[in-house]
Amino acid sequence: MSNIIKIKKGLDIPLAGAASESVTTDSSTVLFGIVPDDFPGYTWKAAVKAGDIVKAGDALLYAKEDDRLCLTSPVAGTVAEINRGERRKIEFVSVRKEGEQTQKEFGKPTDKASRMEMLLRSGLFAMMRQRPFDIVPFIGTAPRDIFVTAFDTAPLAPEILNADMMADLEAGLKTLSEFTAGKVYLSVRAGSGITSNAAEVYEFQGPHPAGNTGTQIAAIAPVNKGETVWTLDAATAARIGRFLSTGKLDYSTTVALTGEDMKNPHMVRTMVGASLGTLLDGELDHTGGKIRVISGNVLTGVRVDWKQGFLRYPYRQVTAIDEGDQTDEFMGWASVDPGKYSVKRSFPAFLRGLSKPFHFDARIKGGHRAMIMSGEYDKVFPMDIYPEYLIKAIMAKDIERMEQLGIYEVAPEDFALPEFVDTSKIELQKIVRDGLDYLRKETL
C-alpha cells in the first residue's frame with residue numbers, strides 16, 4: 001500500500017487555457033534545437049560543426065569536464081547552426097531533419113558500468129538533476145537516494161505519464177536502483193493507482209507545489225549537508241528503461257499547448273527540441289495584442305521568441321498569455337475589478353470564487369521595493385524552511401547562514417510560488433539560482 005502525504009500549504013493558480021485531451025501529431029517540424037543552458041553544472045563544448053551529417057543519438061555537445069557526458073541530436077539530418085553569444089558561449093545547436101531517420105547504435109549493456117556509460121553518451125544522464133545545487137549530477141558520485149516524480153501540479157501542466165509508459169517506467173526504476181545504496185522513491189498523484197515493485201511509492205495530495213520534487217523530498221527524506229540525491233521525472237525514467245532494454249533512444253514527447261492566447265489548447269505529439277515557429281504556426285490568437293510565449297509553465301518556464309526558439313527542457317508544455325503592455329484599465333494594478341485575481345482579500349476577487357479561471361497577463365502589477373517580512377512566503381511554501389531568512393542570507397552571501405537555513409534542500413522552482421505572491425516583486429528564483437552557483441563555486 002502506498003504512503004499518503006497531504007500538502008496543506010500552497011496555491012493552485014486558476015489560469016485559463018487548459019489543454020484538452022485531444023492529441024495531434026506534429027509532422028511538419030524539420031528544425032530541432034538543443035540549448036546548453038537547460039543543463040546546468042557543466043561547460044558544454046560543440047562536438048559538431050555546421051553542415052555535419054548526424055544520426056539521431058549522435059553527440060552535438062559534450063561536457064568539458066568529462067567528454068563521456070553528451071547532449072545528443074533528437075533527429076537525423078544536417079547540423080544547421082551552432083549559435084554563439086557573448087564570449088562565444090553556445091546558445092543552441094540546431095539540426096535540420098533530413099532523409100531516412102537513422103539512429104546511432106548504442107548496443108546492449110552488460111553490467112552496471114556499461115549502463116552508466118550508455119546513459120552518459122546518450123544524453124539521458126543530463127536529463128537528471130541532483131540536490132544540492134540543482135544541476136546535472138556529478139559523475140562518479142553515488143546518490144543517497146533517487147526521487148522520481150510522476151505528476152506535475154504547476155499551472156495548466158499536463159500529465160507526465162500515460163498507460164503506454166508503465167512497463168518502461170518499471171524497467172527504468174529498476175535500473176536506477178542499481179546506482180544508489182539507498183532507495184528509489186516514486187511520487188504519484190493520490191488516487192492514481194500507480195504501483196511499483198522497483199521503488200517505494202508515495203501518494204501526494206494537495207495544491208501546488210505538491211508536484212515539485214523539492215516538496216516531495218522534504219516530506220519523504222530531506223537532504224542534509226554532505227548528502228546528494230538525484231531527481232528526475234517519470235517520463236525520463238521511462239526513456240531510460242526503454243533505452244537500456246532496446247538500445248534505441250526515444251526522443252518523442254507529448255506537449256501541452258496551453259494558455260488563453262492559444263486558439264485551441266490541446267496536446268501535440270512531437271520531438272524533443274522542436275522548433276516553436278512550426279509547432280505554434282496558426283495556434284496563437286493575436287487578436288488581443290502582444291503575446292508572451294513561455295516554454296514551460298508560467299511560474300518556472302523560459303520566455304522564448306516563438307518564431308525562432310525551441311521547445312525547452314523538460315519538453316512538456318508551452319504557455320501563451322497576454323504580454324499586458326497595451327492594457328489600459330482604471331487605477332491600474334490597484335483596480336478593484338472583481339475579475340482581477342489576488343491572493344489577498346483586499347481585492348474583491350474572492351467574492352466570485354478563486355477556483356474559477358481568471359485572466360492573467362505578464363505584468364508584475366506592482367513596484368519593486370525592499371523585502372517585507374510579512375510571512376507571506378510561508379503561506380505557499382510547504383517545506384520546513386524559513387524562506388524569507390534564507391533569501392536574505394543568500395543576498396548577503398553568508399554561506400554559513402545559508403547552510404543553516406537549508407539551501408542544500410532547495411532549487412529555484414521551490415520559490416516560484418513565493419515569487420508570485422511576493423508584495424515586493426523580488427526575483428526570488430534568480431536569487432536562489434545565483435546563491436546555489438555561488439555556494440558551489442566557494443565550497444567545491
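## A walk through the predicted model

Lys45, Lys64, Arg84 and Arg88 gather in a patch of positive charge on the surface. Such patches are made of residues with over 30% relative accessible area and no salt bridge, with like charges joined within 9 Å and nonpolar side chains (Val, Leu, Ile, Met, Phe, Trp, Tyr) within 5 Å. Lys and Arg count as positive and Asp and Glu as negative, while His and the chain ends are not counted. The place of a charge is taken as NZ of Lys, CZ of Arg, CG of Asp or CD of Glu. Accessible areas come from the Shrake-Rupley method with a 1.4 Å probe, and for residues only the protein chains shown count as cover.

This is a predicted model, in which local features need pLDDT of at least 70 and side-chain atom pairs count only at pLDDT 80 or more, while totals for chains, interfaces and linings use all residues. Residues are numbered from 1 along each chain as its sequence is written, and side-chain values use heavy atoms, with hydrogens and water left out.

Arg84, a member of the positive patch, lies in strand S8 (residues 77–84). Helices (H or I, at least four residues) and strands (E, at least two) are DSSP runs, numbered from the N terminus. Arg84 counts as partly exposed because its relative accessibility is 35%; buried means under 20% relative accessible area, exposed over 50%, and partly exposed in between (1.4 Å probe, protein chains only).

Ser94 is placed in strand S9 (residues 90–97). With a relative accessible area of 2%, Ser94 is buried. Leaving aside residues up to four places away in sequence, Ser94 touches Leu31, Phe32, Gly33, Thr78, Val79, Ala80, Glu81 and Phe310. Contact here means heavy atoms within 4.5 Å.

Helix H3 (residues 213–220) is a further buried element. Six of its eight residues are buried, so H3 is largely enclosed by the rest of the structure. The buried residues are Thr213, Gly214, Thr215, Gln216, Ile217 and Ile220. Their cover includes strands S1 (3–6), S10 (129–131), S11 (145–149), S12 (184–189), S13 (200–205) and S14 (229–233).

In one of them, Arg189 pairs with Glu159, the closest N and O atoms being 3.3 Å apart. Arg189 lies in strand S12 and Glu159 in the loop between S11 and helix H2 (166–176), so the pair ties together parts that are 30 residues apart in sequence. Arg189 is partly exposed, at a relative accessible area of 31%.

Asp233 and Arg316 also meet through their side chains in a salt bridge (2.5 Å, N to O). Because Asp233 lies in strand S14 and Arg316 in the loop between strand S18 (302–304) and S19, this pair ties together parts that are 83 residues apart in sequence. Asp233 is buried, with a relative accessible area of 11%, and Arg316 is buried with 14%.

Asp250 forms a salt bridge with Arg242, and the closest N and O atoms are 2.7 Å apart. Here Asp250 counts as partly exposed at 24% relative accessibility, whereas Arg242 counts as buried at 18%. Elsewhere, Asp66, Arg68, Glu117 and Arg121 are linked in a network of salt bridges.

The surface also has a nonpolar patch, formed by Met373, Tyr386 and Tyr389, with about 350 Å² of accessible area together. Met373 sits in the loop between strand S19 (317–322) and helix H6 (387–395), and is partly exposed at a relative accessible area of 37%. In H6, the buried residues are Pro387, Glu388, Leu390, Ile391, Ala393 and Ile394. They pack against helix H7 (399–404) and helix H9 (428–443). H6 is followed by Lys397, whose phi is positive, near 55°.

Two distances give a sense of scale. Ala113 lies in helix H1 (residues 112–122) and counts as exposed at 56% relative accessibility. The C-alpha atoms of Ala113 and Thr278 are separated by 40 Å, with the two residues 165 apart along the chain. Asp281 is placed in the loop between helix H5 (276–279) and strand S17 (291–295), and counts as exposed at 58% relative accessibility. From Asp281 to Lys430, 149 residues apart in sequence, the C-alpha to C-alpha distance is 31 Å.

How values were computed: Salt bridge = Lys/Arg side-chain N within 4 Å of Asp/Glu carboxyl O.
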